[in-house]
Amino acid sequence: MTLGVDAFLLLAAVLTLSAVVVSALTTRFSRRLRVPGALLFLGLGMLVGDDGLDLVSLADAELVQNAGVVALLFILLEGGLTTKPTDLRLAAVPGLLLATVGVAATAGITALGVWLLLDVEVVTAALVGAVVGSTDAAAVFSMMRTTPLPRRVSALLRVESGSNDPIAVMLTVGLLATVDGGASPGTWAAFAGMQLLGGAVVGVGVGGLAVVLLRRLPLGIDGLYPIAVVALGVLAYGSAVRLGASGFVAVYLTGVLVGAYVPRHRRTILGFHEALANAAEIGLFLVLGLLVFPARLPAVALGALGVAAVLTLVARPAAVWLCTLGQGYDWRERTLLSAGGLKGAVPIVLATFPLTAGIDDALLVFDVVFFVVLSSVLVQGLALLPIVRRLGFEQSTPAWAPVAQALPLEGIEVDLVEVHVTEDLFLAGRRLAEVGVPGGTIVTAVIRRDAVLVPRGDTRIEVDDVLLLTVERAGPAIDRLTAWARGEGDPRR
């Protein structure tokens with residue numbers, strides 16, 4: 001007996017495994033160049049699609065759009081989980097400015113470039129600008145996993161990419177409504193306000209509920225916690241959309257609150273969601289690759305390359321400099337912020353909106369956006385690491401990498417906590433007696449390569465050591481241990 005889904009499952013498995021094998025074989029190359037691995041999956045989708053080997057035919061833009069929204073939901077949830085509260089404190093104001101004013105400025109300058117270079121209608125040019133106006137969370141988060149950036153820069157990019165999609169959606173939907181004659185400036189403003197404020201309110205509300213449930217409700221099985229987080233993230237998205245607000249903002253803020261205030265089971269939650277986000281990214285770029293017809297791209301290649309240059313060299317830097325005025329960022333940080341605003345899956349998903357709306361020049365918009373995104377990711381992916389080095393910003397580890405992670409012990413009021421010692425931590429190279437230990441904490445073991453050391457006062461902590469500590473389950477223990485490891489504050493508190 002065979003079912004209709006059997007062939008699809010077999011093909012999906014073969015494509016995914018093929019992409020994983022290709023990715024593994026080119027890991028060293030892609031890490032050296034810092035090119036997002038998602039491009040491999042995009043290329044694989046194009047290879048097996050209609051214009052390639054013709055193994056899979058996919059011309060349903062609405063299906064791709066829906067699949068893209070689901071994938072972005074999981075990617076943004078994982079991005080929120082790995083966003084630290086300190087990132088928000090460091091970059092809330094410039095991040096929100098870039099997510100609003102910056103998107104509008106980028107869209108406007110890019111639209112002018114499209115109008116001049118491609119000789120298209122004003123509405124078509126504006127649509128291209130609106131679609132590519134926001135940075136892409138999937139591309140930015142993936143880039144920051146492999147390219148260590150300065151703390152303020154990584155914090156700002158993370159906040160911006162997690163919250164700038166609603167303005168791009170508002171601009172795109174508003175322009176499409178204008179084509180139909182049903183939008184006014186007041187309507188646009190009300191839509192944008194509801195998207196941002198409504199999404200924030202729902203995200204904080206569902207995120208607060210999630211924190212209470214996950215901290216107080218014993219689920220018994222460790223594997224249920226990440227599943228509960230998935231359900232709460234989808235609840236945040238669905239509730240916001242039902243109210244006419246941004247589900248993307250809501251799910252991102254829900255992830256931020258869970259990541260910040262649910263330290264127990266963090267290892268399980270983060271491990272599961274990193275895998276889920278990677279799977280969503282693979283699936284998203286495979287499907288998007290199937291929707292692309294490479295044979296159409298040469299016709300727009302030259303003009304689209306010019307648009308990509310305008311976006312990368314003019315629009316993005318102008319938006320960054322405008323939105324960071326008076327924020328204390330120097331020219332080096334602004335240059336890096338300009339280079340780090342990667343485009344990716346979000347613009348390509350938004351480019352399906354004109355296709356599903358059936359407007360004139362919809363195929364042209366999609367092809368130009370795809371080529372612009374591809375050029376942007378390749379050029380910025382290749383150039384980012386040399387720029388980081390040239391500006392003197394290269395670091396050994398990402399600024400957002402976790403310092404302390406709780407390993408909960410059920411039934412007793414203590415947690416076992418791991419602290420991974422990196423060379424940028426205050427602990428590295430010092431003896432335990434020199435650094436002290438926070439109150440309610442005992443260092444129980446030091447794991448060094450394949451050996452386990454019993455700690456004493458004269459034990460010197462080395463880079464790559466893993467400290468195991470028992471901590472009383474009271475107060476913000478993880479925050480205290482993180483501050484202690486970094487040499488911040490009084491360790492006795």
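## Close-up views of a predicted protein model

View 1. L322 is a residue of helix α14 (residues 298-323); helices (H or I, at least four residues) and strands (E, at least two) are DSSP runs, numbered from the N terminus. The model is predicted, so local features need pLDDT of at least 70, side-chain atom pairs count only at pLDDT 80 or more, and totals for chains, interfaces and linings use all residues. Residues are numbered from 1 along each chain as its sequence is written, and side-chain values use heavy atoms, with hydrogens and water left out. L322 counts as partly exposed because its relative accessibility is 47%; buried means under 20% relative accessible area, exposed over 50%, and partly exposed in between (1.4 Å probe, protein chains only). Together with V93, L97, V101 and L325, L322 forms a nonpolar patch on the surface. Helix α5 (residues 85-118) supplies the largest share of this nonpolar patch, three residues.

**View 2. Strand β5 and its partner.** Strand β5 (residues 466-472) is largely enclosed by the rest of the structure, because five of its seven residues are buried. Strand β3 (residues 441-448) runs antiparallel to β5, and six bridges join the two; strands pair if DSSP finds at least two bridges between them. Within this pairing, I442 has T470 of β5 as its bridge partner.

**View 3. The protein chain as the setting.** The protein chain contains 20 helices and five strands. Of its 493 residues, 51% are buried. Among contacts (heavy atoms within 4.5 Å) between residues at least 6 apart in sequence, 78% join residues at least 24 apart.

Conventions
Patch = residues over 30% accessible without salt bridge, like charges linked within 9 Å, V, L, I, M, F, W, Y side chains within 5 Å. Areas by Shrake-Rupley, 256 points an atom, 1.4 Å probe, with all protein chains shown as cover. Salt bridge = Lys/Arg side-chain N within 4 Å of Asp/Glu carboxyl O.
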